[in-house]
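Biologist: I would like to learn how to read cavities, pockets and ligand shells. Could you walk me through them?

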Amino acid sequence: MDVIQISDLRGRPRAPRPEEVNLNFSEKAVRELEQLLNHYPDKKSAILPCLWIAQREYGGYLPSEAIAEVALRLDRSYAEIEGVATFYTMYHVGHPTGKHLIEVCTCLSCHLCGAYRLADHIKSKLGIDWGETTPDGMFTIEEVECLDACDRAPVLQISDQYYGPVDDKTVDAILEKLKSETSPSTVRLADEIVQAQLHKRDQEKVSGN
Amino acid sequence: MPETRLLLKHSGDAAYRSIQGYMDKGGYAGLKKALSMDRQAVIDEIKASGLRGRGGAGFPTWIKWNGIEKEKTKPHYILCNADEGEPGTFKDKELMENTPHLMIEGMIIAGWATQGDVGYVYIRGEFVDCARAVKKAIDEAYEAGFLGKNIQGTGWNFDMYVHLGAGSYECGEESALMSSLMGERGMPRLKFPHAPLPTVAGLWDCPTVINNVETYACAPYILVNGGEWYATLGASTKNSRGTKIFSVSGHVNRPGNYEIEFGTTLAELLEMAGGMKGGTLKACVPGGSSVPILNAEQTMNAVIGYEEMVDAGSMVGSGGCMFLNEHTCIVTFIWRTALFYARESCGKCTPCREGTAWMEQILDRIRKGGGRMEDIELLKEICSQIDGRSFCGLGDAAAWPVAGALKVFPEEFEYFIRHGHSIVDGPEYRRMAPEPLTPAKV
Ligand SMILES: Cc1cc2nc3c(=O)[nH]c(=O)nc-3n(C[C@H](O)[C@H](O)[C@H](O)COP(=O)(O)O)c2cc1C
Ligand code: SF4
Ligand code: FES
């Protein structure tokens, strides 16, 4: 198949045509999307769930190809899908993160309880600043707003797990444990989010029972 | 008054998360009762209870339910705002994780009362545990015949789905939440009177009820025990009935969710949370980051109730209550609040998009020791330009804490500007600020 020029799709108000896009969704992903589409009266409303599927299928982020594929599958323009995806902080548009994304809450209760000092510790331990990835591609650290677990401040989120209250020592232990974790936590998070939206009967159809 | 655990009564009981455990404790009796009643009678029961929205604004719930067309011409949607994002609030999270059936039962009751067709629970993307718990509970409710076709033999069909967000505080604003659910950027929509109310044209232009998780969770209790009974709770206040969950955090010994009857005082709430940690009380933000800050004296005199809290100088808001001790730097705290709003502003309207960014920059300058005396007036001016002039509530919510702090703690700002460093120092201050630190010089 011809390699698509994503830049050609960008300015166009129409949805991409099948011959313009490489399709990379797995069969399972296609069936999941089919089920999710039943939840809404129109295709457009499935954009967020479909972006979650795409983020999982494309390894934890959304390259241009992923945006194009979502656009094709939902019959929307490339620009619209890109516009939606870039609004939300949990979609990583264009750039992959490290294998494990460490999200440190520095919002009100957490900053009262020392989140910035904790962040200093993680940054110096990993040798990176906010938004950067370690050279081995293992860790990215990001500052996030209130995770709504302020009773456990300071709080971290990694994949679908919350950790709190954490101090320098517990963080060290968490990082150590993650080093031996093989599956990227960003992919796991996206998968958990997709699964949480599929009902039992949807999942039965996805697995073909 | 001590804690009054109604919604959180069985929150610590793991069995309560499953439908069997929930029904053993009387679950779904409220729905069964509702289904045997006339739809209007259900709404009247909610009216008698005096229930007001727990998501922040305190709008009477029955008015929303009653606003849905009675002669059905279109599908009706029941939407649950589970996008809890207000800094300091973590009650919906606990309700969804530990008592998911309570919220679901409440949504089905709302569905019955308004001839609903489909319910959506819009959960913030970070809350994967909540989403799993709610989805499991929905699956169980389908199997038990409380969702799906011909519910309990009434001939009424009602479906329910979980929908996850993807990281945006603004999606908690009800019209932005609808935009997001419809697959758009999470930006708010034109509001009444410039556009129809959501009860007339909400999701996909159809009649829509939107309520907070906690609001729905109250409905089963109201149906079982009657609206009149519910209205006896909080009867000492002007117009706040029932219980409210407060999420207590900050410098307290036992942070967590505490459910209190309206009419309880903030001082009692502080005592429930084990009192202050690391020093005496300096300030309190009683209802989530959006509400004005109170000083110690105001806090100790405040009674919890929608009108009573306004008299005290703040608001009930979403119930995210943060207590700050004497070593807290108010300037730094307010800067961090402003940073939150600057980051979360959706950018649709100018007063908020520009104003929140300017407020953050000015406060950052003060916090780093480079403030000017004129900055105080400038901040006040920006606040008054945002407040009431922004497209949605986020702008107002960004202005109130700053304006409030300038009114209640003017000396802290003046001191910081005059001396180029904070009025306080100590471990609390050194922990709370990012570099560069500008603590008190002695
Ligand atoms: C910026 C902003 C954020 C909001 N976030 C939430 C939220 O996270 N959860 C919520 O229930 N209501 C939130 N609200 C309030 C909703 O707009 C709406 O008032 C509420 O969902 C109505 O439900 P209720 O009547 O049950 O309170 C927010 C409002 C604004 C302006
Ligand atoms: S006030 Fe305006 S810019 Fe701010 S969040 Fe609302 S619509 Fe967006
Ligand atoms: S401030 Fe960090 S979880 Fe709420």
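Biologist: Which domains of chain A supply the lining of the largest cavity?

Modeller: A lining can be read by asking which parts of the chain its residues come from. This is a predicted model, and here the lining of the largest cavity takes at least three residues from domain 1 (12-94 + 188-198) and at least three from domain 2 (100-180) of chain A.

Biologist: And which residues line the largest cavity?

Modeller: Among them are A:Trp52, A:Gln55, A:Met90, A:His92, A:Leu101, A:Glu103 and A:Leu189. In terms of secondary structure, α3 (47-57), β1 (100-105) and α9 (185-197) of chain A each contribute at least two lining residues. The most comes from α9(A), with three residues.

Biologist: What is the volume of the largest cavity, and how does its lining divide by class?

Modeller: The volume is about 90 Å³. As for class, the lining has four nonpolar, six polar and one charged residues.

Biologist: How many cavities of 30 Å³ or more are there?

Modeller: The count is three.

Biologist: Now for pockets. How should I tell one from a cavity?

Modeller: Ask whether the probe can get out: in a cavity it fits but cannot, while a pocket is an open set of points. In this model, the second largest pocket has a volume of about 690 Å³. It is lined by 39 residues, and those closest to its centre are A:Tyr88, A:Thr89, A:Met90, B:Gly167 and B:Glu344.

Biologist: Which helix and strand contribute to the lining of the second largest pocket?

Modeller: Strand β2 (139-144) of chain A and helix α14 (330-344) of chain B each give at least two residues to that lining. The largest share, four residues, is from β2(A). Domain 1 (12-94 + 188-198) and domain 2 (100-180) of chain A each provide at least three residues of this pocket's lining. By class, the lining comprises 15 nonpolar, 13 polar and eleven charged residues.

Biologist: Let's turn to the ligand. How many residues surround ligand 1?

Modeller: A shell can be read by listing its members, then its polar contacts. Ligand 1 is surrounded by 19 residues, and the closest are B:Gly55, B:Lys64, B:Asn81, B:Asn212 and B:Thr215. By class, the shell holds three nonpolar, nine polar and seven charged residues.

Biologist: Which elements of chain B supply at least two residues of that shell?

Modeller: They are β4 (208-212) and α17 (393-408). The largest share of the shell, three residues, belongs to β4(B).

Biologist: And what polar backbone atoms lie by the oxygen atoms of ligand 1?

Modeller: For B:Gly55, a backbone N or O atom is 2.7 Å from an oxygen atom of ligand 1. For B:Glu174, a polar backbone atom lies 3.0 Å from an oxygen atom of the ligand. A nitrogen atom of ligand 1 takes part too, at 3.3 Å from a polar backbone atom of B:Gly172.

Biologist: How much of the accessible area of ligand 1 does the protein cover?

Modeller: On its own, ligand 1 has 610 Å² of accessible area, and the protein covers 89% of it.

Key:
Residues are numbered from 1 along each chain as its sequence is written. Chains are lettered from A and ligands numbered from 1 in the order in which they are written. This is a predicted model: local features need pLDDT of at least 70, side-chain atom pairs count only at pLDDT 80 or more; totals for chains, interfaces and linings use all residues. Side-chain values use heavy atoms; hydrogens and water are left out. A residue is near a molecule or strand if one of its heavy atoms lies within 4 Å of it. A polar contact is a pair of N or O atoms within 3.5 Å; within protein, one must be able to donate a hydrogen and the other to accept it, and residues adjacent in sequence count only if both atoms are side-chain atoms. Accessible areas come from the Shrake-Rupley method with a 1.4 Å probe; for residues, only the protein chains shown count as cover. Ala, Val, Leu, Ile, Met, Phe, Trp, Tyr, Cys and Pro count as nonpolar, Asp, Glu, Lys and Arg as charged, and the others, Gly among them, as polar. On a 1 Å grid over the protein atoms alone, a cavity is a set of points where a 1.4 Å probe fits but cannot get out, and a pocket is an open set with protein on both sides within 12 Å along at least five of seven lines; lining residues have an atom within 4 Å of a point. Grid points are joined across faces, edges and corners, and a volume is the space filled by probe spheres set on the points. Domain bounds come from an automatic or database domain assignment.
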